Amino acid sequence: MKKFLLLQLIAGCLFLMTCTGDPAMVKVERLRCEMLVNPVGIDNQTPRLTWEITADVRNVYQTAYHILVASSEEKLHSNECDLWDSGKIKSGQSVYVTYEGEKLKSRDECFWKVKVYTNKGMSEWSSPASWSMGLADQSDWQAKWTGLDKSFSWDNPDNYISRLSARYFRKEFRLDQDIQKATLYISGLGFYKLHLNGEIVGDQELAPTPTDYTKTVTYNTFDVTQHIKKERNTIGVILGNGRYFSMRPKVDERREVRHFGFPKMIVQLEIEFSDGSGQTIISDDSWKVTADGAIRSNNEFDGEEYDATKEMPGWDMPNFDDSLWLNAELVDPPGGRLKAQQNKNMKVMSIVRPLSITEIKRGIYIMDMGQNMVGWLRMKVKGKKGDRVKLCFAELLNADGTLYTDNLRTARVTDIYTLKGSDEEIWNPVFAYHGFRFVEITGFPGIPSINDFEGQVIYDEMDRTGHFETSDSTINRIYKNACWGIKGNYRGMPTDCPQRDERMGWLGDRATGSLGESFIFDHNNLYSKWLGDIEDAQLKNGSIPDVVPNYWSMYRDNMTWPGAYLIIANMLYEQFGNMEPIIKHYDSMKKWLYYMRDSYMEDNIMLKDRYGDWCMPPESPELIHSQDPARKTEGAVLGTTFYYHMLTLLERFAKLQGKLSEAEEFADQALKVKDAFNDKFLNTTTGQYSNNTVTANLLPLCYGMVPEQYRESVFKNVVDKTMGEYKGHVSTGLVGIQWLMRGLSDNGRPDIALKIATNRSYPSWGYMIDQGATTIWELWNGDTAMPSMNSANHVMLLGDLIVWFHEYLAGIQNKKGNIAFKEIMMRPLILEGLDYVKADFRSVHGLIKSSWKKQNGYFIWDITIPCNTTATICVPAISEEHISESGKRVASVEGLTFKKMDNGYAVFEVGSGKYHFTSMLDK
């Protein structure tokens, strides 16, 4: 006890040394509209506003807010709010507050600020923020869809490996008045690059976001006032193929590939003059176009070919001679409704420097980036006119040091650059990207150096929301690999892989995975967009495909992949407080579930399943899938457990919308399904479901389907199977692993979860690391299985691992029954083998931190709770009396309320602020 009191005294002194003594200051920061900072050109006429509160004192919560919205920054500054003055609203809500002002119209500019009232005083007005409206009505578009529906002698559009050059469009125009404002709206399909008077507009890459273009076409809005000048101007647009002009005519006989046509664009530039008049420049057949430019071919699977000798200096500037160019054509619209893009585009997010370049044969070099990354190479080169540098990309090497390309299938993944022969030339692709670690360089003039290249990492622009670190090096490396794999597969849709001839939005890969990702990246708008893609892909009968957008037509009718539709909507609500996807897609979700019920259910058992427990570790290293019936989970078990889970989610969604009779209907059906499932599959003597796979037992446990008297015996079978047959290794495939770590921990065996997480032998994430992986593999045995399916950059096998890291090891969770971390539960798992865990997570209310360590029999824990939230804090300790906070006995700390002791944890209720706990773990 003397030792404990001394430690308290030291901690108290350190705490006092860091106190500033300044008076409390409540501030409002990080204003967002539709979770975007100052968005330009949105469609939502009742946008939702969010802010964060910061303060230098504890236990601060909002009691009211006051929002002002004006049509100009000057009016806002003088509090002249012609759009909305909310008045003082008594509410603690600071996330997704709906605008309720004047009806907004296309092109409206809105400037806003907010003041909050708290229990610790009132804030000043926030700094101003803004949003602007896009073209909310289709009739606002005067522009015409414009393109060039033909190919040329250097193209080969009908070949299996299709080739089609980029289209270059230009339009000159003259302005004779002073310019007040210029706004440009554009959609270029598949991809566009926008130029104005010789400058590239924006930093977006591979824009716009991919969709089913027959249902939805997204456009981007730019304030181009600084790019436009009085007198002569030129708009230039380059169109790449993207997913619009298909990379392949078909994959195989089972999978049809969507092909939408030749690239096309719609562009509308609206100019306001200082005298109040205006002028509009639109895309139409008055533009000029050529396909005989430098980008000779561009294809996401096969790469980009660029001939610098075909460059056209000044093509995007006034007074360029375009007399040999063709006239642009008015073309058929793609069919989809034009909508403002609310998820951000891709951009260059970071740089990777090469580690080494090795000459393996005369003139053939292999460059190692040191990291499996997604993006492209930026190259510096100097040589003769006509020299051709070829860059071929791969994730792995063969034993002889050459590129391993078998796992790329038909993707050629090769960029070719033809030099113009000037001084140093700098180049990177525009309309292609690659998933790679290694690059084969041929044709480079002289000897290439690592200083001649940089890897530009490209993925959807989004904030990093969290970080995680432990005392275990294996866990840390897995987490790093996971982060690289996750961001590398954000491509305007969450894809399965970035390297081979696939790169599709498989639903099953992202079900629980999306929850783990939310602790690392702010993907709210991306996944909200993807749910819209899912509804766009739904057939009239209710069927939902396994791949969305449905560039492959794969309507195979199972529960486990399309179930991500509901699971992700629920995740967006719980993690971000975003209820809009639930409301928007509720009828579509019901339609799908009713379709599955009416088509495939018998006696309340869902019989239909297509993929099983995908990528279960097989019994032989060369197999992709297990052939052992004892390892396979019965399809009806998977289908019925998922159907039950979908019913519970729909029950929740109905209640949230006040549809109580529908909620009751779902609850009644769920009860019938649970009873039928237990009657058919539960062996009450052995406590096992079906053939006793871990997944067959785990899913009903985690979904709450197991009768209480059998839970212990069912879980015992999970433990026995995992520790016996699988020797403490992964014992599930893609479906089961979505619940493996949490299921083990929630039922009292987090030690097994930790063993699985830290294993270095096969099958495990650590095994991948020992084989050189810097991302996550598609297969547990990705080093030995057939090449056709062993991507080295997948995320589906992460399951609930990232969730377990943040929610269980760090202990950062939504308190049960709450959303968006308004009420937080912090209960870290303290396991033998881990000495410390450090984690942070930027919730929609603010930053949450949990950093703990074990030291000489004590538990030391630093936490941060954001303003306008509360938390239940569970401190590992032998008793309340053996805990101090910032050097004080917890009983004397204001705002810290002890509730109870619970299985070795002292439970407290706390308000916002920073806390430093020290507790005795052993007497």
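**Cavity lining**

I classed the residues that line the second largest cavity: six are nonpolar, one is polar and three are charged. My classes put Ala, Val, Leu, Ile, Met, Phe, Trp, Tyr, Cys and Pro as nonpolar, Asp, Glu, Lys and Arg as charged, and the others, Gly among them, as polar. The model is predicted; local features need pLDDT of at least 70, side-chain atom pairs count only at pLDDT 80 or more, and totals for chains, interfaces and linings use all residues. I number residues from 1 along each chain as its sequence is written, and side-chain values use heavy atoms, with hydrogens and water left out.

The lining includes Arg 243, Glu 300 and Arg 491. Phe 191, Tyr 213 and Met 346 are also among the lining residues. The volume of this cavity is about 80 Å³. I searched the whole structure and found seven cavities of 30 Å³ or more. A cavity here is a set of points on a 1 Å grid over the protein atoms alone where a 1.4 Å probe fits but cannot get out; lining residues have an atom within 4 Å of a point. Points are joined across faces, edges and corners, and the volume is the space filled by probe spheres set on them.

**Aromatic pairs**

I found 49 aromatic pairs in the whole structure. Rings of Phe, Tyr and Trp (its six-membered ring) pair if their centres lie within 6.5 Å; planes under 30 degrees apart are stacked, over 60 edge-to-face, the rest tilted. Phe 152 and Trp 154 are stacked, at 5.2 Å centre to centre and 5° between the planes. Phe 152 is partly exposed at 22% relative accessibility, and Trp 154 is partly exposed at 26%. The cut-offs are under 20% relative accessible area for buried, over 50% for exposed, and partly exposed in between (1.4 Å probe, protein chains only).

I then looked at Phe 519 and Phe 841. Their ring centres are 4.9 Å apart and their planes at 55°, so I log the pair as tilted. Phe 519 is buried at 0%, and Phe 841 is buried at 2%.

**Charges over rings**

I count NZ of Lys or CZ of Arg within 6 Å of the ring centre and within 35 degrees of the ring normal. Arg 296 sits over the face of Trp 154, 4.9 Å from the ring centre. Arg 464 sits over Phe 521, at 5.6 Å.

**Cysteines**

I count zero disulfides, taking a pair of cysteine sulfur atoms within 2.5 Å as the rule. The sulfur of Cys 110 has its closest cysteine sulfur in Cys 33, 7.9 Å away and too far for a bond. Cys 110 is buried at 0%.

Definitions and conventions:
On a 1 Å grid over the protein atoms alone, a cavity is a set of points where a 1.4 Å probe fits but cannot get out, and a pocket is an open set with protein on both sides within 12 Å along at least five of seven lines; lining residues have an atom within 4 Å of a point.
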